[in-house]
Amino acid sequence: MSELLAYLPPFEGLLPKWLVFVGAVSVINSLQAYTSADYTSKLYTNGSVTCEPLSGRVFGTWTFLSAVIRMTAAYNITNPVAYDLALWTYAIALTHFAGELIVGNASLKGRFISPLIVASSSLAWMLTQRGAYLG
């Protein structure tokens, strides 16, 4: 177990570890989106509408890019550019998911709730901890 812990970011606090965790989950979500449009369909419409495979791959690419930025920030949490880019990934995700909710492509149930919670809580966390990590 200690060998695995050695790979975590060498910074105080839980935020860098959270960024790694969310990044790893995002990589898995990207793979799901690449392999099946069903994943994206269930995320947005709870399976009532089928998404095109291209939509799934675009979502997977966007999610993978966010994962790379968040993991980079986790290991460079004291770098203002890396920190702010990761913060923006959550702001963009929250805007996207809230927009889909507003226009009616999603509803507050099923898989759709998780990205809203992760994006909003991570954004708030990063905003409140910015001074602690960037001084």
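At roughly what angle do the axes of helix α2 and helix α4 cross, and within what distance do they come? The legends below take up this question and then turn to other close-up views of the structure, which is a predicted model.

**View 1. Helix α2 against helix α4.** In this predicted model, the axes of helix α2, residues 15–35, and helix α4, residues 53–75, come within 8 Å and cross at roughly 160°. An angle over 145 degrees counts as roughly antiparallel, and α2 is therefore described as roughly antiparallel to α4. The crossing in which α2 passes α4 is left-handed. Sorted by residue class, the contact of α2 with α4 is made up of 15 nonpolar, eight polar and two charged residues.

**View 2. Helix α5 against helix α6.** Helix α5, residues 80–103, is the helix that holds F97, and α5 packs with helix α6, residues 113–134, at an angle of about 155°, the two axes lying 9 Å apart. This angle makes α5 roughly antiparallel to α6, and the crossing of α5 and α6 is left-handed. The residues in the contact of α5 with α6 comprise 21 nonpolar, three polar and two charged ones.

**View 3. The aromatic pair of W62 and F97.** Across the whole structure, a search finds six aromatic pairs, and one of them is formed by W62 and F97, whose rings lie 6.0 Å apart from centre to centre with 50° between their planes, an arrangement classed as tilted. Because W62 belongs to helix α4 and F97 to helix α5, the pair ties together parts that are 35 residues apart in sequence. As for accessibility, W62 is partly exposed, with a relative accessible area of 26%, whereas F97 is buried, with a relative accessible area of 5%.

**View 4. The aromatic cluster around this pair.** W62 and F97 also belong to one aromatic cluster, which is formed by F59, W62, F97 and F112. With a relative accessibility of 10%, Y44 counts as buried, as F97 does at 5%.

**View 5. R70 and the ring of Y90.** In this view the charged end of R70 sits over the ring of Y90, at 4.0 Å from the centre of that ring.

**View 6. G23 within helix α2.** G23 has its place in helix α2, the helix whose axis comes within 8 Å of that of α4. G23 is buried, with a relative accessible area of 0%. The C-alpha atoms of G23 and S36, two residues that are 13 apart along the chain, are separated by 20 Å.

View 7. M1 lies in the segment before α1, which covers 2–5. M1 is exposed, with a relative accessible area of 69%. From the C-alpha atom of M1 to that of T72, a residue 71 positions away along the chain, the separation is 23 Å.

**View 8. R130 within helix α6.** R130 has its place in helix α6, the helix that packs with α5 at an angle of about 155°. At 33% relative accessibility, R130 counts as partly exposed. R130 and L4 are 126 residues apart along the chain, and their C-alpha atoms are separated by 27 Å.

Notes
Residues are numbered from 1 along each chain as its sequence is written. This is a predicted model: local features need pLDDT of at least 70, side-chain atom pairs count only at pLDDT 80 or more; totals for chains, interfaces and linings use all residues. Side-chain values use heavy atoms; hydrogens and water are left out. Axes are lines fitted to C-alpha atoms, for helices over the stretch in contact, and angles run from 0 to 180 degrees between N-to-C directions. Helices (H or I, at least four residues) and strands (E, at least two) are DSSP runs, numbered from the N terminus. Angles under 35 degrees count as roughly parallel, over 145 as roughly antiparallel, 65 to 115 as roughly perpendicular and the rest as oblique. A crossing is left-handed if the near helix is turned anticlockwise from the far one by less than a right angle, and right-handed if clockwise. Ala, Val, Leu, Ile, Met, Phe, Trp, Tyr, Cys and Pro count as nonpolar, Asp, Glu, Lys and Arg as charged, and the others, Gly among them, as polar. Rings of Phe, Tyr and Trp (its six-membered ring) pair if their centres lie within 6.5 Å; planes under 30 degrees apart count as stacked, over 60 as edge-to-face and the rest as tilted. Buried means under 20% relative accessible area, exposed over 50%, partly exposed in between (1.4 Å probe, protein chains only). A charge sits over a ring if NZ of Lys or CZ of Arg is within 6 Å of the ring centre and within 35 degrees of the ring normal.
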